[in-house]
Structures are given as structure tokens and as C-alpha cells.
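Hi everyone, thanks for coming.

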Amino acid sequence: SYSGVDGSSGMSYLHLFDGTNGNPETATAKVRPFNTDQRPYKGGFNHSWSVAVGNLDGNYSGNNINEMKPFYPNNHGLEIIATNSSRDFAVANSKIHVLKYNGLFPSSRPPKKDMPNQYLNLLDTICTHRINGWLAAVNDLDGDKSNGKDEILIVSGSTIMVLQMRDYNSEEFWDGNAFDTLFTETFPNETISSAIIADIEGDGRNDIIVTTFLRTYVIGIPLKSTLELVLPLATVEGEEICAGDEIQIEWKNLVVSDNDFVRILFQEAAEDDEGLPPPILIADSVANSDTYLEYTYIASDITLGKTGYFIVESIKSQGKLRDVSGLLKFNKPYISIIGIEQLPDTLSVGSELLLNALTFCNDSISIEMKTYSGTWTNLYTEISPKSGSFTLAIQMPCLGIYDCYSSQSFNSVSFRLLTHQSEFFSASEEFSIVILPDGVPIEILEKTSADPSKEFVFDVFGADYECDSLSLMYSLNGGASFTLIETIDAINNDTYTWSVPLGLPDSVLFRACCVSSCAVSDTLITGMSLSNIKIIAPNPFRPPYETLDIVYTVSQSSNVTISIYDNNNRIVAIPLSGQSREPSRVYSDHWDGRMTNGNLVANGLYYIKIEESSGRAEIYPLFVRK
């Protein structure tokens, strides 16, 4: 340090000497000019130094000149740390200086022109920073053996500060913020005279001993927890943690204790600390007697549906020796139908239903159905995990839900999707579809005779579903209820003749229903009543002395044919064939009583059939007597 005549000023330098024989490694102040490679370290005017030696960059052994950031390839030893201010003399604009010393230049050192700013002197600067206070000690305070770094103890008046030099490759280091402040402590209204670092209670951890003009303090609490939780990391968006998944909880001890145990907790996250629920105990008394340890947690109902983090905490030093994991989200099984409002209102038996759904956390997908009885039953199960959106194709089965006597409006079926994982499941929204039955292969035969009965032909062997008994019925109220005509053996019969009862309306809803199956056919039959024939006269009719008048109307624009049938259902005459008629008029056509061959008909019962081109027909009896 400079010490001159009172009132004068001078420059302070740091000089380095060989520790074995005392020879100078840097040129002394009397040598002018200083050799470029042997210059001492230049300080400021009129000050002493506070100096220490320590390993500030820790286990750093970088020797790769191609790294993105510059570094100090020869700095493999300890560093020299100094402040301009000392315990006895504070100076303005004091700095903390971290210096390196290169005893020998390695032959692999690149030329200065190839690596600018990397060619350092024997004794040169790693970094400096403006600081108030003086250097008290350098030693390992946090016990972190993984990085091997020593910490710096600075005293400024009544305050101590613990600094740690950042890594060479950190952004902060190259932005001029080379130091991280780990700890500060102020002793109000006291002036610190001394501060050292030593392990005074023998627990393997260094302590800080501070002496002021009033008393001595010992700070024995570690500056930070020596337990570091490594895994799990925070989940990212879209990542799934589901029931039964294994979560590896891994931590390391920077200072190992042989007789310590930890407990593992799960803390659910909340928007604020006041709404924080109590932590959930995952495991208790887990051995903590090695550098690296792990515990496997299998996701269960205590964490499902929650977002939070794990805590690994020392049982002896609760709240002090602990660390937390990243934020994790545990998902319950989930399934939802996409576009449920666009699903069809009706489907026929045997048709396919396509369901688009979104799901995660599952090992199987199933669909359930519920009829008006109110009981959910499984319809289909697919045992394969799915994640995200998927499409499920379901063929509507023969459900056995059809009542031959009821309206088909009762055939509404509710459905829902279920996703399962382990013992957990989740159900989607419900939706309802009217399931229409399959058709019965039945046909109403066209008759050329005057017989008013209806003849049906059917082939149940051509049906898609079993049909051994066939119920035939009709409805007079549009299908609200039905009257049974007859239940027939459909295996041994393929035709049926219905003697239509008197008094039916013009239109009748006819139903063919396979009993205990899912095949139903409804057909509207018209022309069941005599509503358009006005007059048939004279009746009885005496040809050739009389002419028969047939007075009638039509229900719609149509071509009309009038035929005369005998009692054996044979056509004997056609007084009118395919003539156009309109519904707004009353028509009168005639028959002279002669057959198509010109001969008069014989006495007996005959039938007059008036048939429209729409298929509607009316039959009226006529008696011929000569």
C-alpha cells in the first residue's frame, strides 16, 4: 500500500512473491518501466488493501476455445480477491477485484490475434465490481460440493454481505454483474471490527463469527438449504400425469448426514397463500443418508384433479432443510363429445353412428345406453388407450325395445361415453337418439277382383333380424294405438288375407310387427270406405228395359275406370275406361247391362268398381233381375 509523506499522494499496487523462496513474481515498484508480463496489479491512490485467496470459480475446468462465451483457459487454480478498502481505512470508489495468476503460459495458448481479449498477463483481472466495505474472509459457506465454490465475506460498517461469483458462461457475468449476493445481516448501531469463517461446532459446516465493539455473534444456520430437489420438473402444457403413473422424486444432499430422515409432501397450489390447503403427506421417514436419493410415487386419488408441487423436507430441520419440485398437474380421466349438438335425431337399426370425442388419461373407452327403464348398460368397449381427439364408429344393434302396440316415439335411447383408467372413470355428456326399427319385408297385393279384402305377402327369411311371429294390426288414430288383427306363424306362412271390417275410415294405418324383435313396418292404406259414389240406380237393375245410372265424384284430378264384376270376381263389362275426371264436378256414367261381347248379363249379384288412377277404388254391390 502507499505510505508517503503527509500531504503527498501515491499509487497502490499488488505484488506477488514466490511462497518458497520469496522471489518476486511481479516487478517491484523500483523497476521502470514494468515488464509487460510482470506488471504488478495497479490499484488507486493512497489506500491499503484487504486481500484473500480462494476458489471462486469452483470446479470450472473449461478448456474449449470454441465455447460461445469467452473464458479464461489458464485459470485452473485459486483466485486472488482484494478490496481497496481495509478494516482500518475506507477509500472512495472502492472495488472488489478478482485476479488470476498464470505461472507458465501453456504452449496451446492461441495467439492474441485469433482470440481477442483472451491474452492475459501473469497477474491480471477476472472481474471487478464497485462495492462498499472491505474483504473479511473467503471460504465455503453453503457446503455445496457440486460446484466447489467459495463464498466472499464483505464487511461494510454494521453490515455483513456474503457474495458468490457467478459462472463464467452466465449472461449476468458477461453483462457486468459478476457477483450474486447470497446473504446480508445488519447489526444496528454497532460497528463490526472483525469477521471470520470457521466451523466452530464441528458439524462439517462453516459458520460466520462477527465481532463488534459491543459483542460477538455466531451465525451457524446454513445460508441456503443443502437439500436440492432435482425431479420432477414442472409439467408443460398438454403433458398428462394420470392415475397409476409413476413419478420419480429425486433429490441430492450437498451435505450428507447419516442419521437424517425426510418426509415427502404434496402441496396443492392456490391463487394466494391464504387459500392454500394443508399439504398432503405422501411418505414419512424416508432415509436421507446418501448424496443422491429417489422415491417413486404412483399417482392416486389424493393428487388426481389437483395442481401442485412436491416438498422434500428434513424431519429434524423442518422448514429449513427442504426444497420443492416444479408445478405438476395431475389429471383425472376425461372424455367429452365434440359437436354433440350436431348428432342426428334419428337412426335406423343397423346404421352407423360416428362419434368424435376428446379424451385423455384412459386405458379403455366404452359406450353405454339407457332406455326409458332408466338403467345404464354397456353397449361397446374398446380396450386401447387413447389421447386427444378420436372417432368411434358404432353400429346400432337390435335393442329389443319395440312394443308393437305403441308409437315409435317411445323408442328414444340415451347414450354416453365412458373413459376408464385403473379404478377411476369419467362420463361424457348424455345424448338421445330415436332408434327406428328395421322394416318388415311385406307387400300388399293389388287385386283385379271386386273382393274388398286385403291380401298381404311377406318373406321373413329375407329380413336382417329374426322374425318367427308376425303381428298384423291397424290404427285409426294415426299410430297412437293399434288394434290387433292377428298374430301369425311367419315361419310357415308367407301370405295373409284380411277381411276388412265395415265402418273403417277411408285411410287406415296398417302395421306389421315382428314380435320380440326390431322389425316394424307401417303402411297407410287408403280407399277403405265408399265415400265418392253418390247414386247407383235403379238397383235392382232390369236390362234391356232399364239403363243403369252411376253418379259419383272423385277426390282429386284423376283418370277413372268403371268395371263390372260378377259374383266370381270376373270382369264382365267396362262401361268407362281411363276417362279424365275433376274433383269439382259430379259425374254420371251409364251401363246398358251388356257384357263386353254384347250379350246381356244373367240375373244375379254384380259389383261396380270405380277406380281412380291414384289407386283409390270403391266397390258397390248391384242386383240384376230381368
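So, what do I call a salt bridge? I mean a side-chain nitrogen of Lys or Arg within 4 Å of a carboxyl oxygen of Asp or Glu. Quick caveat: this is a predicted model, where local features need pLDDT of at least 70, side-chain atom pairs count only at pLDDT 80 or more, and totals for chains, interfaces and linings use all residues. Residues are numbered from 1 along each chain as its sequence is written, and side-chain values use heavy atoms, with hydrogens and water left out.

Okay, one of the pairs is Arg570 with Asp566, with the closest N and O atoms 2.9 Å apart. Asp566 is buried, at 8% relative accessible area; buried means under 20%, exposed over 50%, and partly exposed in between, using a 1.4 Å probe and protein chains only.

Next up, Arg416 and Glu368, whose closest N and O atoms are 2.8 Å apart. They tie together distant parts of the chain, 48 residues apart: Arg416 sits in strand β28 (residues 412-421) and Glu368 in strand β25 (residues 364-370). Strands here are DSSP runs of E, at least two residues, numbered from the N terminus. Arg416 counts as buried at 18%, and Glu368 is buried at 13%.

Then we have Glu228 and Lys252, at 3.7 Å, N to O. Glu228 is in strand β14 and Lys252 in strand β15, 24 residues apart. Buried or partly exposed, which is Glu228? Partly exposed, at 32%, while Lys252 is buried at 13%.

And how many salt bridges in total? The count comes to 11.

Definitions and conventions:
Helices (H or I, at least four residues) and strands (E, at least two) are DSSP runs, numbered from the N terminus.
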